[in-house]
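Student: I'd like to go through this structure with you, starting with the charged pairs and then moving on to one helix. Could you keep it to what can be read from the coordinates?

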Amino acid sequence: MKKVYGSAAEALDGLLHDGMLIAAGGFGLCGIPELLIDALVESGVKNLTVASNNAGVDGFGLGKLLATRQIRKMMSSYVGENAEFMRQYLSGELELEFNPQGTLAERMRAGGAGIPGFYTQTGVGTQIAEGKEVKVWDGKEYILEEGIFADLSIVKAWKADDTGNLIFRKTARNFNPPAAMCGRVCVAEVEEIVPRGSIDPDHIHLPGIYVHRLIQGQHEKRIEQRTVRKREEA
């Protein structure tokens, strides 16, 4: 089965349709699938629901899809770095389903494990719990959260072999593994594809069974909040 494709557009060919649910890895701008996001913008696919911790920043990452009005709904935890996200939400142009970060990660992981729902105390007594089933165990309330089953997952990793075994680099692992798991089809972009068998099995973070298509490319890896000190005078 061919997994390695020549470009992001080729890897997404035949997978896209209007109104689909996409799970996207990344946290802030760390570990985001920027090449695949650019290809989504170019494709023109619209009315998307995107499950992602956040929506990038203005003009980069998922923020590009917001700028082109291709996203109808976000399932997110944090929206604080994107002014366009805030503007669209407050004006009623964008639907938003807030999720605590741990709940969002577990909803993705549950979907990948074939688990349709789970109960958690997180969000009990808040707006998060509104309209959700509540059960009581040992005198404590728990709310029902549903697993996320995405039509497509897009993720970013550091290294892969041609079978799709992935290694993430440090904090860039973040939401990428659970996002990859919950997609019916997962497309990953990586910085390097190494020969089959060259990755120590103990070093694999995500087995290739979850990855259906793969691309290698150059990444900008923009820093979200660049903080520097002035150079000391000689």
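Student: How many salt bridges does the structure hold?
Tutor: The structure, which is a predicted model, holds 18 salt bridges.

Student: What lets such side chains pair at all?
Tutor: Side chains of opposite charge can pair when their charged atoms come close.

Student: Let's take R69, then. With which residue does R69 form a salt bridge, and how far apart are the closest N and O atoms?
Tutor: R69 forms its salt bridge with E93, and the closest N and O atoms of the two are 3.5 Å apart. The pair links distant parts of the chain, since R69 sits in the loop between α3 (63–67) and β3 (71–76), while E93 sits in the loop between α4 and β4 (95–98), 24 residues apart.

Student: Is R69 buried or exposed, or in between?
Tutor: R69 counts as partly exposed, at 45% relative accessibility, and E93 also counts as partly exposed, at 40%.

Student: And where are E191 and K156, which pair up too?
Tutor: The side chains of E191 and K156 meet in a salt bridge at 2.9 Å, N to O. This pair also links distant parts of the chain, with E191 in strand β10 (residues 186–194) and K156 in strand β8 (residues 152–161), 35 residues apart. As for accessibility, E191 counts as partly exposed at 26%, whereas K156, at 7%, is under the 20% cut-off and so counts as buried.

Student: One more pair before we move on: what do the side chains of E133 and K135 do?
Tutor: They meet in a salt bridge, at 3.6 Å from N to O. E133 is partly exposed at 37% relative accessibility, and K135 is likewise partly exposed, with a relative accessible area of 34%.

Student: OK, switching to α4. Which residues are buried there?
Tutor: In α4, the buried residues are E84, F85 and Q88. They lie on the same side of α4, because they cover an arc of only 105 degrees around the axis.

Student: What do those buried residues pack against?
Tutor: The buried residues of α4 pack against α3, β3 and β4.

Student: Can you zoom in on Q88, and say what Q88 touches?
Tutor: Q88 belongs to helix α4, which spans residues 83–90, and has a relative accessible area of 1%, which means that Q88 is buried. Leaving aside residues up to four places away in sequence, Q88 touches L66, R69, E93 and L94; R69 and E93 are the two partners of the salt bridge discussed above.

Student: What about the ends of α4, beginning with N82?
Tutor: At the start of α4, a side-chain oxygen of N82 reaches to within 3.1 Å of the backbone nitrogen of E84. Just after α4, G92 takes a positive phi of about 80 degrees.

How values were computed
Residues are numbered from 1 along each chain as its sequence is written. This is a predicted model: local features need pLDDT of at least 70, side-chain atom pairs count only at pLDDT 80 or more; totals for chains, interfaces and linings use all residues. Side-chain values use heavy atoms; hydrogens and water are left out. Helices (H or I, at least four residues) and strands (E, at least two) are DSSP runs, numbered from the N terminus. Buried means under 20% relative accessible area, exposed over 50%, partly exposed in between (1.4 Å probe, protein chains only). Contact means heavy atoms within 4.5 Å. A salt bridge is a side-chain nitrogen of Lys or Arg within 4 Å of a carboxyl oxygen of Asp or Glu. The arc is that of the directions from the helix axis to the C-beta atoms. A polar contact is a pair of N or O atoms within 3.5 Å; within protein, one must be able to donate a hydrogen and the other to accept it, and residues adjacent in sequence count only if both atoms are side-chain atoms.
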